[in-house]
Number of protein chains: 2
Amino acid sequence: MTKEKLYLYDTTLRDGQQTQGVQFSTDEKLTIARTLDALGVDYIEGGWPGANPTDSAFFDVAPNTRATMTAFGMTKRTGRSAENDDVLAGVMNANTPSVCLVGKSHDFHVTTALGITLDENLENIRASIAHIVASGREALFDAEHFFDGYKANPEYAVQCCKAAYDAGARWVVLCDTNGGTLPHEVGQITSAVIDAGIPGAHLGIHTHNDTGNAVAASLAAVDAGARQIQGTLNGLGERCGNANLCTLIPTLLCKEPYVSTLETGVTKEALAALTRASRLLDDILNRVPVKSAPYVGASAFAHKAGLHASAILKDPTTYEHIPPETVGNERIIPMSNQAGQSNLRKRLAEAGLEVEKGDPALTVILDEIKQREAQGYTYDTAQASFELLARRALGLLPEYFEVKRYKVTVERRKNRYDKMISLSEAVVVVKIGDEKKLSVSESLDGGGNDRGPVNALWRALAKDLGRYQHHIDDMKLVDFKVRITHGGTEAVTRVIIDSEDAQGRRWATVGVSPNIVDASFEALLEAVQWKLARDGARP
Amino acid sequence: MTKEKLYLYDTTLRDGQQTQGVQFSTDEKLTIARTLDALGVDYIEGGWPGANPTDSAFFDVAPNTRATMTAFGMTKRTGRSAENDDVLAGVMNANTPSVCLVGKSHDFHVTTALGITLDENLENIRASIAHIVASGREALFDAEHFFDGYKANPEYAVQCCKAAYDAGARWVVLCDTNGGTLPHEVGQITSAVIDAGIPGAHLGIHTHNDTGNAVAASLAAVDAGARQIQGTLNGLGERCGNANLCTLIPTLLCKEPYVSTLETGVTKEALAALTRASRLLDDILNRVPVKSAPYVGASAFAHKAGLHASAILKDPTTYEHIPPETVGNERIIPMSNQAGQSNLRKRLAEAGLEVEKGDPALTVILDEIKQREAQGYTYDTAQASFELLARRALGLLPEYFEVKRYKVTVERRKNRYDKMISLSEAVVVVKIGDEKKLSVSESLDGGGNDRGPVNALWRALAKDLGRYQHHIDDMKLVDFKVRITHGGTEAVTRVIIDSEDAQGRRWATVGVSPNIVDASFEALLEAVQWKLARDGARP
């Protein structure tokens, strides 16, 4: 049986940016676009060119993607031609191969929000889509409020879609803009649109999660025949978010009837990178990943109940609906039992540390991790700090040097031109063997700008490490993440630092303290120690 | 038309406790039980008496509830009678009016996990349920792995349910234990069970969110005729969680066909307390509430897109599927670079600043926001900083005082007992009128622990503000969030500080700088200025 193609349309960069508190930089948009392309979505909606500076900047530098890059905008306004609408021109000027325009399809919104006649709106849709098609691009029409519109005035809602389709739109996308339509209604209404003459192969579905049904409603539309799904990574989006592609993609690839009847651009290999893609977006947003997220959450395959955990050891299918590795996720079984130890041994082996089954050091390491996690540490991402912790427990970490003390000063005052300036200065005192080294550094970068106390500390620490100097000369701090978390009853700061060296290795270390400078310093020290240990430096 | 009763069965205290990292105390269980009872659920599953000490302790002191208190356990084991099974006896000893027993209904689990014959399992179900009924209690049977079992061996899965029903079970609950069954399958299979002779009025549905469809699958079972829904507050539960009652309840009370055909024990008044109930659970768990949660999330009625925000001002139904007050939630129109002037005026009005339509100050404020957001500021959450920015543009912010300079020192060294200690010290110099004030403070809390440089700065700033002192004496910093973002090409630090005062007001301010201490100081200053402005302090 030939499988029908189901198209995935990602709007993380556009509708995802409507999330409260989310504002992507151009660089972040580029990273996300590359991730989406590697995942295998068919369309990437990059933003609304002309509506804000970041969106315009993104299209100027948008990467070459296999996915069709799409600019978003709205249908032309009444009283001017499509050619003379400056907002539409701004969208066209992004020169994307595909353009998606949102337009009204609910009579109430046409007459009340726009204050134009129903016929004028139909003409705006028709002329705008025709304008895109005439320019040789692919056209999509987002039928805003389609489901509410259909319930109020089915004939008119369908007329709006037909106007776009007849004008040459490749896709007519049925949008549940307010997110209040339940899955059974979405299914019925999508069927009705197909019956009215727009083939399912030209219909898309765009849902929101206001009733917790965005995924189910998308599936209901596909069941009815729609062949494009719009959604976002991690269900980002206005209010309660859009349909979550991190949930939909594995369902489409692992569950019936979809596996047997439909195909998407996502390969099995790409699916196995889904958890990483989801975490990457959280990293960019500095969000704590949602543990309970379907498929990609850290708890999605965590088995806490004793009965479940013991059955899982016999046969994972007893309490797992799919194997976690399918989506690049992991099974978690409470650390205390056998499975916890074998997980640990696996992770140690990844770090090049082979430990025998039953070695008492395993219990010591597990206990230490538990205790430190209760204080606010995390070893999920800070793999290098995990490795150091294990090396310490195994007696495999030499004491390379000792930090005797450090001192950082941050000062803000007026300079002699009466301009407020700030400056940080750090002194670090280390003892290497019998030698005491005292280094000082300030925080100004090449342009004379203050880069802050952590930067000053790093420079002072890296300035003179004596016999180790050649090991750390090629080290660079590439990322710095700060989170307030809870250690016991008190709020503490957790700092995660990503470092890189000339060999292209990248490693993450963690520090925790109520004092943010101290937490940063701990993570810096760990970064240096990992580098020395991995380089096999001799103390 | 007479409405049919739909029963709500809450398992927050039992299945909810299977969430990774969740362990309720007895007191917390009592608080949650009272909240659930006030909400109007029909059953409260309190835990598994005998399985762990907290669950047993809860039943000893369980409150008198309108809802039916239910103890959870499992069907008797093979080789002993129901009367002589000590695990079952532990459950019965809790003396609840209702008892729910989980038992197998998937042939594979019977023979593989339990290692008994299919007939033995049927007999265990029958005898256990009969034992509960004979003791005068209401009996429920949780058919574990029912949907997977039905797909593997429909006859046997149904036989298990019939065994319980025929033995007198008030409810047979169809459980999708592994969470992998999609809504359309749940609907079809539930219909098949009803056709096989168990009336929908005796059928319950218990789903998990592993495919993001727990809510939709529950609704599909209700559509098919099931009349009991099992779920948890905030969708707590093992792996990806259970069906979220905070999502299901408003859907059942606000959406068709449920409003017209079914009735639950939840009144309109109780529904208006739903957001509070959801937040209360997060408080108990020390979790940050999920902003994007359907109905009850802080972003559920937040309108960021400019077009949406201006339409909402004309008529909230344009972009809201229900009025937020229905569930005790609030509408939010945040600022962002996508926002239009009408959005801005609404937000200014909320801050007590009435500005005429078309006032040129509106353009000035929008430009300023745009420019500062490009530098890394955000005004979505930092409402107080937004207000200060507007007041400055409108000439409504007096210069209360001037910070001449500050200096912070962070030091880590050994004390005289050779123990590493850290200490921060801050000096702040402000000018109030003609008076210069120099304050110094260190960062130790009551227990002698270093709370870091920002804490020291705050203490020094708040130590002596002269004529303003009485305004800030009741100020407290309650939260502190840090993220690394990009201002132009350079990474900068964004700090958001939440403050609170004795009147219970809570406000958020933002600071941005490459220097984290400087960014924090800016947010601190803004917090103080907002308080002075709102208190109407005289410079």
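Predicted model: local features only at pLDDT ≥ 70, side-chain atom pairs only at ≥ 80, totals over all residues.
## Overall composition

The C-alpha atoms of chain A fill a box of roughly 85 × 75 × 40 Å along the principal axes, and 50% of the 539 residues of chain A count as buried. Among the contacts in chain A with a separation of 6 or more, 67% are made by residues 24 or more positions apart.

## Domains and annotation

Chain A is divided into domain 1, covering 4–266, and domain 2, covering 402–534, and the C-alpha centres of these two domains of chain A lie 46 Å apart. An unreviewed UniProt entry carries the annotation "domain: Pyruvate carboxyltransferase" over residues 6–272 of chain A. Over residues 6–272 of chain A, the chain is 44% helix and 17% strand, while the end C-alpha atoms of the stretch are 19 Å apart.

## Nonpolar cores

The largest nonpolar core has 198 residues, and those with the most contacts inside it are A:F141, A:V172, B:F141 and B:V172. A second, separate core of 98 residues includes A:V408, A:W507, A:A508 and B:V517.

The surroundings of B:V172 can be listed in detail. When its neighbours within four places in sequence are left aside, B:V172 is in contact with B:F141, B:A143, B:C161, B:A164, B:Y165, B:I198, B:H202, B:L203 and B:G204.

## The interface between chains A and B

In the interface, 83 residues of chain A are in contact with 86 residues of chain B. Strand β11 of chain A, residues 402–414, gives the largest share of the side of chain A that touches chain B, namely 10 residues. By class, that side of chain A has 29 nonpolar, 34 polar and 20 charged residues.

Within chain A, β11(A) is joined by 12 bridges to strand β12, residues 420–432, and the two strands run antiparallel. A:E411 stands opposite A:L423 in β12(A). The hairpin of β11(A) and β12(A) has five residues between the strands, and in this hairpin A:D418 takes a positive phi near 65°.

In chain B, 12 bridges join β11(B) to strand β12, residues 420–432, with the strands running antiparallel, and B:R413 has B:I421 as its bridge partner in β12(B). Here too five residues lie between the strands of the hairpin, where B:D418 takes a positive phi near 65°. From β12(B) the pairing passes on to strand β13 of chain B, residues 435–442, in the antiparallel sense over eight bridges, with B:V427 standing opposite B:V440 in β13(B). The hairpin of β12(B) and β13(B) has two residues between the strands, and B:G433 takes a positive phi near 60° there.

## An enclosed helix and an exposed histidine

Helix α17 of chain B, residues 383–393, is largely enclosed by the rest of the structure, because eight of its 11 residues are buried. The buried residues in α17(B) are B:Q383, B:A384, B:S385, B:F386, B:E387, B:L388, B:L389 and B:A390. What covers these buried residues includes α15 (341–350), α16 (360–375), β16 (506–513) and α20 (516–534) of chain B. Just after α17(B), B:G395 takes a positive phi of about 70°.

A:H470, by contrast, lies in helix α19 of chain A, residues 469–472. A residue counts as exposed if 12 or fewer other C-beta atoms lie within 10 Å of its own, and A:H470 is exposed because it has 10 other C-beta atoms within 10 Å. The C-alpha atoms of A:H470 and A:E425 are separated by 24 Å, these residues being 45 residues apart along the chain.

Technical notes. Residues numbered from 1 in each chain as written. Chains lettered and ligands numbered in written order. Buried ≥ 20, exposed ≤ 12 C-beta atoms within 10 Å, placed from the backbone. Contact = placed C-beta atoms within 7 Å. Domains from an automatic or database assignment. Core = buried A, V, L, I, M, F, W, Y, C linked by C-beta atoms within 7 Å. Helix = DSSP H or I, 4+ residues; strand = E, 2+ residues; numbered from the N terminus. Nonpolar A, V, L, I, M, F, W, Y, C, P; charged D, E, K, R; others polar. UniProt positions renumbered as here; feature names shortened; annotations may be inferred. Pairing = 2+ DSSP bridges.
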